[in-house]
Amino acid sequence: MNGAERNAEPGVRGSASGQGRVYQAQRDQYVTEHHHHYPSGDASSLFGPDVERVIVPMPRSATGPTPPAPDSVRTPLVGRAPMVLRDRRDLMAGLLAAARDETGGVHVLHGLGGCGKTAVAQAVFNEVTRGGGRTGLWVNASERSTLRAGMLAVAADRGAEAGELVAAHKGQRASADLVWHSLHSSSEPWLLVLDNADDPEALGEGGWLRQSPRGTVIVTTRQAGSRVWQGAHLHHLGVLPVEDAALVLRDLAPEAGSVEEAETVARRLDCLPLALTLAGSFLSRQLLESWSMSDYRRHLDDNPTELIDQGAVPGNAERNARQLVGRTWGISLATLAGDGLPECLSLLRLLSCWSSDPVPLSLIRPDAVDAALLTALDPPLTGARVEAALRGLLDHSLVSLVSLDVDGRAVRCVKTHGVVLDSVAAAVPADQRALLVTAATKLLQDAVPESGARAQDTQRVGHLVPHATNLLRRAEGTDDAGPVVALGTRLAGCLFDGGDFQAALSLAGTMAEAAARRLGPEDPATLRAEHRAATALFRLGRFEESEALHRHVLDARDRTLGPEHPETLGSRQDIHEPLSQLQRVEECLATLRDTAEIRARVLGARHQDTLHARALLIEYLAVADAVDEFDRVGPEIIAACEEHLGGDSFTTVTARHNYAFGLYRFDRPAQAEAEAREALRGRELVHGPDHALALSAAVLLSWILGKLGQVEESLALGRRVVRGQEQALGREHPYLLTNRAGLAEALAAAGEADEARALAQENLPLCERVLGPDDPVTVTTRGLVG
């Protein structure tokens with residue numbers, strides 16, 4: 001009857017062994033079947049020589065029915081082993097050596113659910129039992145009841161007598177002592193696997209985990225930090241290297257795609273063995289459709305958890321929960337809730353709003369969590385409980401702690417696997433999603449520097465970009481797109497100020513696209529994101545695209561906000577940059593004059609925005625050869641900026657930089673040198689030495705020093721600029737091509753012919769492709785090559 005409770009009337013009969021024996025039950029009883037295979041003579045004295053099955057009446061206890069013994073302890077009842085166990089080579093070698101070592105020992109395989117702990121244990125089990133040299137014993141340790149039943153079955157397998165087993169079941173003999181006496185007395189060496197021991201206390205309290213000179217114990221668990229593992233050998237299992245992860249997919253579905261396509265899918269699945277196995281199984285079993293790996297990767301963005309779990313073998317979802325990415329984490333969360341940590345679920349749901357990249361612990365500090373009003377979650381999450389919840393998630397391997405290098409500074413972070421995050425996010429109740437997105441937005445927003453922050457602060461935000469992007473995905477179906485777009489645009493502004501123009505363009509473009517779709521193409525949030533993208537396009541040398549996008553934003557703002565709105569004036573000012581590079585100098589001057597005039601009227605002549613427009617005007621007065629106006633207003637603007645904004649403000653430094661350029665252009669190198677040196681000092685102070693604007697000031701000083709005959713310093717600055725712009729702007733940026741040609745020309749004039757020729761040879765094909773064969777820079781470079 002396999003442990004079922006039964007109300008039996010007097011006279012109800014049941015066969016014990018097929019030999020006609022009858023037991024009559026006079027009251028409610030628990031009946032447990034145990035399958036024992038005894039060595040000859042071990043059981044005959046009690047039950048006769050043919051007994052193989054003993055049915056033992058068990059008294060009712062407060063703990064409920066006694067579970068049946070497993071069908072086998074000689075076989076891993078966990079499904080089919082992997083076709084090939086990828087990676088894990090060193091771990092397998094060490095475990096196999098330990099399993100064959102007569103000195104015994106306990107080895108604990110710990111890690112996130114789905115990382116392949118059971119697969120490794122199964123591979124070791126199969127290897128050491130092949131050929132009969134060592135007995136393999138496998139116990140499901142996922143629950144206290146199955147652990148006890150399995151261990152008693154191990155005792156029976158190792159020769160425990162029927163009377164001893166009956167006494168253990170009745171509580172008349174210590175069960176664990178009986179099991180380990182049987183293991184110690186085993187005539188054969190053995191390997192014992194305690195699989196899915198995610199409640200280590202069950203092993204410790206019952207004394208089930210011990211060592212023996214007759215065998216080796218392997219434990220698989222999600223909990224790494226238990227005192228029960230003291231003295232054991234701990235082995236952490238993480239995800240697979242991407243090359244091996246791709247091979248797992250190809251092992252299962254070799255016809256579905258190339259190695260490169262498999263690597264793309266593997267990266268999207270964060271190389272988690274369970275997810276890879278399910279994906280490969282899905283691709284290999286299709287009947288009505290024939291998806292390639294590229295098709296599978298594309299569909300993953302729609303509903304990843306549901307798609308991944310379609311690869312599981314159909315069956316009882318509760319029984320197969322560990323084989324489903326949508327269910328397996330729930331096992332750990334239920335255990336944590338039972339241990340008094342229900343907040344673990346809410347913390348994991350909060351983390352699921354962000355990406356699988358490391359999340360700085362500062363984002364979830366207690367005061368920040370309280371300010372985010374997460375007490376409205378179910379279960380509530382308070383600042384006072386964040387520490388305990390985080391430790392709970394760490395103990396169950398649902399998250400890990402990592403250190404992230406942010407510009408040379410170590411930042412402690414929490415990292416969660418992407419498949420975990422996707423599956424947890426998919427299961428968030430509808431009435432909790434908006435609250436979580438709002439809280440996650442606020443917490444992330446608090447970590448993003450305000451506009452105008454120090455350069456070193458704006459350069460430390462790149463690690464937050466994936467979280468803002470993923471937050472936008474989580475905001476689908478809520479009313480929080482606006483705040484998330486605002487956050488992303490502000491973050492893109494920090495990237496821009498820090499000199500990472502490509503990242504700024506990518507993030508701003510993502511935010512602009514999402515805002516246009518969900519808020520409307522002329523919503524202010526959409527236009528702010530597009531404006532930031534337009535400024536980044538300019539810095540990347542894509543002048544025509546920048547001008548077109550600036551024009552679109554300017555027209556929309558002029559129409560919806562009015563010509564005197566600050567954001568309209570921001571567009572009117574910033575469009576001057578691509579206009580100047582497209583040789584539309586008169587338009588450039590006109591838009592800067594208009595901006596300065598309107599701002600002076602609306603904001604006042606001394607307002608920072610007014611002064612900044614006037615500071616920009618200085619450069620283009622020089623480009624337009626407006627010498628008299630340049631000489632009159634240049635010093636006047638610098639003095640006003642210093643008086644009202646300070647000598648080291650961004651606007652003051654910009655005014656001085658532009659004035660030094662004008663002096664150089666008007667062939668006044670002696671006067672320009674002092675201004676250029678001060679501009680370079682200011683740029684490095686405001687932006688940092690490797691920023692594109694600092695390099696622009698450095699190349700200007702290099703030109704000036706060249707004219708003054710200070711060749712050595714001029715060349716040193718030129719080399720620094722070329723190296724720096726390769727990093728800051730990319731090898732094909734027009735500014736870099738121009739400055740590389742200028743450096744080659746200066747080197748040739750200084751007698752450094754070989755270096756000049758090598759630089760020109762590197763530059764020529766890029767100039768021909770980017771600038772065109774007849775551009776003056778290309779022509780100069782070609783002459784140096786010859």
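**Figure 1. Strand S5, a mostly covered strand in this predicted model.** Five of the six residues of S5 (residues 135-140) are buried, where buried means under 20% relative accessible area, exposed over 50% and partly exposed in between, using a 1.4 Å probe on protein chains only. Strands here are DSSP runs of E, at least two residues long, and helices are DSSP runs of H or I, at least four long, all numbered from the N terminus. S5 runs parallel to strand S6 (residues 190-195), and six bridges link the two; strands count as paired if DSSP finds at least two bridges between them. Look for Asn140, whose bridge partner in S6 is Asp195. A word on the model: it is predicted, local features need pLDDT of at least 70, side-chain atom pairs count only at pLDDT 80 or more, and totals for chains, interfaces and linings use all residues. Residues are numbered from 1 along each chain as its sequence is written, and side-chain values use heavy atoms, with hydrogens and water left out.

**Figure 2. The parallel sheet that S5 belongs to.** Five strands make up this open sheet, in the order S5-S6-S7-S4-S8, with parallel pairing. Which strands sit at the edges? They are S5 and strand S8 (233-236), each pairing on one side only. On average, neighbouring strands of the sheet are turned by 15° against each other, direction ignored; axes are lines fitted to C-alpha atoms (for helices, over the stretch in contact), and angles run from 0 to 180 degrees between N-to-C directions. Further in, strand S4 (residues 105-110) and strand S7 (residues 215-221) run parallel and are joined by six bridges. His110 has Thr221 as its bridge partner in S7.

**Figure 3. A three-stranded antiparallel sheet.** This one is open too, with its strands in the order S9-S11-S10. Strand S9 (359-360) and strand S10 (399-406) are the edge strands, and each pairs on one side only. Two bridges hold the antiparallel pairing of S9 with strand S11 (residues 409-416). Val359 has Val414 as its bridge partner in S11.

**Figure 4. Inside the largest nonpolar core.** How many residues does this core have? It has 120, and Tyr296, Leu350, Trp354 and Leu393 are those with the most contacts inside it. A nonpolar core here is a set of buried Ala, Val, Leu, Ile, Met, Phe, Trp, Tyr and Cys residues joined through side-chain atoms within 4.5 Å. Helix H22 (residues 501-518) gives the most to the core, with nine residues. A second, separate core has 37 residues, including Ile575, Tyr620, Cys641 and Ala672. Back at Tyr296, and skipping residues up to four places away in sequence, the contacts are Val265, Ala279, Phe282, Leu283, Trp291, Leu307 and Ile308.

Figure 5. Phe496 and Arg539 are 43 residues apart along the chain, but their C-alpha atoms are separated by 9.0 Å. Glu577 has its place in helix H26 (residues 576-581).

**Figure 6. Helix H35 against helix H36.** H35 (residues 753-770) packs on H36 (residues 776-785) at an angle of about 140°, with the axes 8 Å apart. On the H35 side the residues are Arg757, Ala760, Gln761, Asn763, Leu764, Cys767 and Glu768, and they meet Val777, Thr778, Thr781, Arg782, Leu784 and Val785 in H36.

Notes: Contact = heavy atoms within 4.5 Å.
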